[in-house]
Amino acid sequence: MNLLWAVLGVTLGMLVGILPGIGPALTIALLLPITFNFSDPIGAFIMFAGIYYGAMYGGSTTSILINTPGESASVATAIEGHKMALKGRARAALATAAIGSFVAGTISTVLLTFVAKPLGSLASNFQATDYFAVTLLAMVAVTALVGHSMVRGLLSLTVGLFIGLIGLDSLSGAPRYTFGSLRLLDGIDVVIVIVGLFAIGETLHVASKLRSTPDRPAVLEKGRLRTGYLTKSDWKRSWAPWLRGTALGFPFGAIPSGGAEVPTFLSYSIERRRARKKGRDEFGNGAIEGVAGPEAANNASFSGVLVPLLTLGLPTSATAAVMLAAFQIFNVQPGPQLFENNSTLVWTLIASLYIGNLILLIMNLPLIGLWVQVLKVPRPLLYAGILVFACLGVYSLSGSGYEVLMALVIGVVGFFMRKLDFPIAPVILGVILGPTMEEQFRRALVISNGDASVFFTRPLSLVIIVLTVLALFVPYLPRIVARLRGTQPAHQRLTFGEDD
């Protein structure tokens, strides 16, 4: 059964990744209500991991063939990949993306296997002040780095914190922000918030841009499968970018840095700089290194994302936040005790990553022509079907039309947030991490008899809080460095995507 869930997950992930504008977070959000019917959480997490990996693979197909990235992490791939497709080398671009994803996914999963347990053991020494500081760092760092405005990011985080605190106070039992409504005493289910913001709000946002999205993919040239559609020169030029992209993607995925977009663009910049030094600058005209490196970094980042999620219970991207909600549905709390209390779940999940990578490689190279046909699905029917499925999923939770209406309202709010350039990831982080942060904050004050200095007298907590303050200045590094050098900055502010 677990093998079946792995195959189902990677297949759904590929389908989702290929469709423009629909990322892994949206798909996992759609399937969250279904997981209530799972008697064993292991199958659900294997399927979700497969969706994540599959969507990372599939995003390259849309980027290369129609120059429309499915998520922000595929933007760098689109720059060179589509140029290769226009030159009649679409199969070579898709092949180097698939093989690079396999190489990066396998290496990064090996790293996850050896890093996760020691880090979890180290985190077992965390105290309440440390947990508060870490959750604060995750929320502030992601909020500061995603979106084009820190003020809008902080406002989004505030909305998430407000929603997360609705209901009865866990310590005193007093109602908070219920406005006299008995329906809100239990709070707003995180599944409703996630389905509303991602499945409904994101679908409305993507559908609103239908007319500006190209529909016709580039033509696939004929090629022989036994060579992987790559020449000897392609293999020679691709293997080093695969390894360099992996080395960048894994550590960046493990820190709150806006998902996989940072390492993909960093990999693209490094490969372009190396090509110029060698006097072979094809970048901008279809350089295969510009596809191999970013795709490897994109896929390696997922294993990196799992490190803080499994060992500390901290999501460093929007999709990781949705997966954290899935853990909570089964009353499984990721963190230092996860490897002791639910070791079977953890190691089965990690083992499924090896299997999922192999399945995806087998599904990609021989079936490239078949996956391209998915791009011909009529978009209006597709997005209308997603909305119907989302509403049915919410209704299946409790059979309440009130909750469906609530999800629709949250979806409309999410749609206008995207239209007005308010990031969604901080809202999800606020809803999920807000109650945890409050609980650890109050626990630390109880232990210290109300002495707030406890957050600054413990060295580890102090270091993390200092890093949290520094994270607010990271987006303005180009301006700060340029001012120190006396030059004009190329970018006034670093902005990263939130789709991964």
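The questions and answers that follow concern a predicted model.

Student: How many cavities of 30 Å³ or more are there?
Tutor: A cavity is a set of grid points where a 1.4 Å probe fits but cannot get out. With the cut-off at 30 Å³ or more, the count comes to two cavities.

Student: Which helix gives the largest share of the lining of the largest cavity?
Tutor: Of the 10 residues that line the largest cavity, those closest to its centre include Ser 60, Thr 61 and Leu 94. Two or more lining residues come from each of helix H3 (41–66), helix H5 (90–123) and helix H15 (368–373). The largest share, four residues, comes from H5.

Student: Which helix gives the most to the lining of the second largest cavity?
Tutor: The lining of the second largest cavity has six nonpolar, three polar and no charged residues, among them Ile 46, Ala 49, Gly 50 and Tyr 53. Helix H1 (2–18), H3 and helix H14 (343–364) each supply at least two residues of this lining. The most, four residues, is given by H3.

Student: Is Glu 271 buried or exposed?
Tutor: Glu 271 is found in helix H10 (residues 261–277), and, leaving aside neighbours within four places in sequence, Glu 271 is in contact with Pro 241, Arg 244, Phe 283 and Glu 289. Buried means under 20% relative accessible area. Because its relative accessibility is 3%, Glu 271 counts as buried.

How values were computed
Residues numbered from 1 in each chain as written. Predicted model: local features only at pLDDT ≥ 70, side-chain atom pairs only at ≥ 80, totals over all residues. Heavy atoms only, no water. Buried < 20%, exposed > 50% of the residue type's maximum accessible area, 1.4 Å probe, protein only. Contact = heavy atoms within 4.5 Å. 1 Å grid on protein atoms, 1.4 Å probe; cavity = no way out; pocket = protein on both sides within 12 Å on 5 of 7 lines; lining within 4 Å. Points joined across faces, edges and corners; volume = space filled by probe spheres on them. Nonpolar A, V, L, I, M, F, W, Y, C, P; charged D, E, K, R; others polar.
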